[in-house]
Amino acid sequence: MKKYAALASLLALAAPTAWGASVELTITGVETASGEILIGVFDSETGWKTDASVADARADAATGKVVVTLDGLPEGEVAIKLFHDVDSNGELKRGNFGIPVEPYGFSNDAPVRFGPPSWSAAKFTVAGETTAHTLALR
């Protein structure tokens, strides 16, 4: 969670690549339709730790769940970080001790303990044309 502001500043739709895999991402637990969901996709542990995403996306928030198709991804292992930018300022709002006050999530609903989850807890395999993945906002 330490560099969500950097992630937010990078979040513009990714340029098309030669990669052909897709993830149909279902985000559950969206409590309000205000703002946007900002998403970063990572293909390595180094990228995960430094917020160097290989693809970024944004989606309008909708109460309940939001479904986003992320196209042009590399096949293999990827992990996702996202947050619900309720106030549309492009930054993850934090409270005391840097704890997020806007909803956030990680692929595999990876556990958060005193900081963001590890790459190994959040990674999953993208294979074939479309992989379905669901994660819950916290």
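Biologist: In strand 6, which residue is the bridge partner of Lys81?

Modeller: That's Phe106. Bear in mind that this is a predicted model, where local features need pLDDT of at least 70, side-chain atom pairs count only at pLDDT 80 or more, and totals for chains, interfaces and linings use all residues. Residues are numbered from 1 along each chain as its sequence is written, and side-chain values use heavy atoms, with hydrogens and water left out.

Biologist: What makes strand 5 and strand 6 a pair?

Modeller: Two strands pair if DSSP finds at least two bridges between them. Here 3 bridges join strand 5 to strand 6, so they pair, and they run antiparallel. Strands themselves are DSSP runs of E, at least two residues, and helices are runs of H or I, at least four, numbered from the N terminus.

Biologist: How many bridges link strand 2 and strand 5?

Modeller: There are 7, in the antiparallel sense. Glu36 stands opposite Asp85 in strand 5.

Biologist: Why is Asp109 called partly exposed?

Modeller: Its relative accessibility is 36%. Buried means under 20% relative accessible area, exposed over 50%, partly exposed in between (1.4 Å probe, protein chains only), so Asp109 counts as partly exposed.

Biologist: How do you know that the side chain of Asp109 makes a polar contact with Ala136?

Modeller: A polar atom of that side chain lies 2.8 Å from the backbone nitrogen of Ala136. The definition wants a pair of N or O atoms within 3.5 Å; within protein, one must be able to donate a hydrogen and the other to accept it, and residues adjacent in sequence count only if both atoms are side-chain atoms.
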